[in-house]
Amino acid sequence: MKSKIKWAALGGLVLSFASLLVHLFLAKSSADLVQYTAITLFTEDLTPTLATRKGPGFRKLWGNVKSLEPLHPHANPRSTYPVAVEHSNGFIYAKISGSFEKIRNSIVDLVAISRLLNATLVIPEIQESTRSKGISSKFKSFSYLYNEDQFIAALTNDVTIVKSLPPILREARKRKEYQIFKPKSSAALRFYTSEVLPRLKKAKVIGLILTDGGCLESALPPSMAEYQRLRCRVAFHALQFRPEIVALGKLMVERLQASGQPYLAYHPGLKRDALAYHGCAEIFQDIHTELIQYRRAQLIKQVIISEELSVDSHARKRNGSCPLMPEEVGLLLRAMGYPPRTRIYLAGSETFGGQRVMIPLRAMYPNLVDRTALCSKKELATLVGPETPLPPDPDQLLPAKSANQLKAEWNKAGPRPRPLPPPPDRPIYRHEKEGWYGWVAEKDVEPEPSPNDQREQAHRLLWDALDYIVSVEAEAFFPGFDNDGSGPDFASLVMGHRLYEMASARTFRPNRKYLAELFNSTVDHLYYPPRNWTLAVREHLNKSLAEEGLLQESNRSKTKFFLSHPIPECSCSTVKATDISHSGKNSNLHLFEGQGECPRSMQQERTQETNADEVDSQEDETDLDGQSESEGYNGTDAIPSLEQDEEMDPDD
């Protein structure tokens, strides 16, 4: 009997040892992966059945906006549009610097200017990649982000594009023999026809330095609608990312849509420059307020803004000039009815305030992921390519003491018995010194970017490109902030692309001023608001998805940033002109008055919904109106009174 117990104990030890070895092997094999992955986070999702996906509840959250389905992308030339003349007036060479969205808009404007001046465009140089030291020699300048061959081939019928200047002009460029212009993003057509064109014809080459996010005014006269359509062809067709970026971006979309689940993309818009420009320092605390104010002082010194340094940030917030905080976005999504297990992709290479500001949103929606949760370190490193190692920044190196120094300090400690030596100074960790904020605790002046900082700026272009792909393909997109036409920004670029590619996709266009009033009305009951408050949020956000949101966005943004609202120039409608003329003034068809009719081939390809689906969609659209009337709500222009209703469970 004792021998059997011994053998059983020995067998248990052997099995425990074997399981330990297996555990260590699995841990070692997965060391290259990030600690939390999409597969782990999404395992608790409930896979929607086909019946669930067709249900009214699912369509309310993820279905297309029926009233915008007649809009389709159509950026082809619609009038006489001859091929670019081979014997051009000269060459245009450009250097572009700035963030991802500024680079993209500058390239679009650059092609339009080349067409206007009948000039040959040299592939522009992206400064964020050329300035960085030690980045992959496989990708540089324009090819760091975009596919050069695709760019040239797609615009063959519009502009002549070459990869480099002829040898003679290249030498002239080195000797700085041709004139260089630094146009603003609001440069008028007259500037190019009267000042730039004569010098181009004379010197056969000019240079452009673009730092303002563009080089041509957004609003062009109706007679130049073909140039607006050219902008759309460049932005939405010719500017394709290099294959490695496209492949990884599609892989991220597949992982988000695994098990048939939809996902929502959210861009916080919390960037230091935008916060400083709009005076939103006081919505943060301590060191973050100081950093924003320092940047605002720089913008004032550069005459980019002409306001005072200190402004009332809370008044700006109430005016809608500041971004929605992640906590507020989470409350809005709860009010809309998105369940806690909703998959949310966090876009944006920079989120000012770090992970701390994301804590409330993560608590409400644990399936909040970003690129680091969807991609392994190896996949991201492959996208970057082989890079030359750089020495660490001097302020990141900790002084190391030699053995002799440690021995000398020990000998100086005094006679024995000795007290315990003092604890070592708290080490300065890398995350405390990394990036643009590490200097503020030690210096009064922001230092120049180090080689590591410049490399990180180049990497941000790649991360923004991945986020752009994922955001455009999302079933729903929610912007925490857009510049409202004050200049190109990531959210507006995504919203414009989604509007062009598929206008009926769910793209929220919130009015931050109205939402700020709503939040102020229930500041003491944010997490358990009255039901009429929830209905007011739903009605406002649902209207922002449809014609009302489009019209407001057009009035607010299009005049200063065309790609944020590329209709009606770059779209067509399957609604016939006769239907619009016979419709009433209050009909939703008034949105399509300026649209041209789609070609017959496009109208035939349009899929027809079943009668049952149409009935369900009508019920979905009228359901909210019925609820509003039953709750005594009078519309979105009036803030609901909190005394009308009792508190409700937001998950109800």
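**Close-up 1. Contact between helix 23 and helix 24 in the predicted model.** Y514, L515, L518, F519 and S521 of helix 23 meet W533, A536, V537 and H540 of helix 24, where contact means heavy atoms within 4.5 Å. Helices (H or I, at least four residues) and strands (E, at least two) are DSSP runs numbered from the N terminus. The contact residues divide into seven nonpolar, two polar and no charged; Ala, Val, Leu, Ile, Met, Phe, Trp, Tyr, Cys and Pro count as nonpolar, Asp, Glu, Lys and Arg as charged, and the others, Gly among them, as polar. The axes of helix 23 (residues 512-521) and helix 24 (residues 531-545) come within 11 Å and cross at roughly 170°, which makes helix 23 roughly antiparallel to helix 24. Axes are lines fitted to C-alpha atoms, for helices over the stretch in contact, and angles run from 0 to 180 degrees between N-to-C directions. Angles under 35 degrees count as roughly parallel, over 145 as roughly antiparallel, 65 to 115 as roughly perpendicular and the rest as oblique. The model is predicted: local features need pLDDT of at least 70, side-chain atom pairs count only at pLDDT 80 or more, and totals for chains, interfaces and linings use all residues. Residues are numbered from 1 along each chain as its sequence is written, and side-chain values use heavy atoms, with hydrogens and water left out.

**Close-up 2. Crossing of helix 18 and helix 21.** The axes of helix 18 (residues 377-384) and helix 21 (residues 451-473) cross at roughly 115° and come within 10 Å. Helix 18 is therefore roughly perpendicular to helix 21. The crossing of helix 18 with helix 21 is right-handed; a crossing is left-handed if the near helix is turned anticlockwise from the far one by less than a right angle, and right-handed if clockwise. Helix 18 contributes L380, L383 and V384 to the contact, and helix 21 contributes H459, L462, W463 and L466. These residues comprise six nonpolar, one polar and no charged.

**Close-up 3. Disulfide between C232 and C570.** The sulfur atoms of C232 and C570 lie 2.0 Å apart; a disulfide is a pair of cysteine sulfur atoms within 2.5 Å. The torsion about their S-S bond is about 85°, so this disulfide is right-handed. C232 is in helix 10 (residues 225-238) and C570 in the loop between helix 25 (547-558) and strand 13 (571-573), 338 residues apart. Both cysteines, C232 and C570, are buried, buried being under 20% relative accessible area, exposed over 50% and partly exposed in between (1.4 Å probe, protein chains only).

**Close-up 4. Disulfide between C280 and C322.** The S to S distance of C280 and C322 is 2.1 Å. With a torsion of about -100° about the S-S bond, the disulfide of C280 and C322 is left-handed. C280 is in the loop between helix 12 (272-278) and helix 13 (287-301), and C322 in the loop between helix 14 (313-318) and helix 15 (326-336), 42 residues apart. C280 is buried at 0% relative accessibility, and C322 is buried at 2%.

**Close-up 5. Disulfide between C572 and C598.** C572 and C598 are joined S to S at 2.0 Å. The torsion about their S-S bond is about 95°, so the disulfide is right-handed. C572 is in strand 13 and C598 in the loop between strand 14 (596-597) and helix 27 (600-605), 26 residues apart. C572 is buried at 0% relative accessibility, and C598 is buried with a relative accessible area of 5%. The disulfide count comes to three. With the bonded cysteines numbered in sequence order, the pairing is 1-4, 2-3, 5-6.
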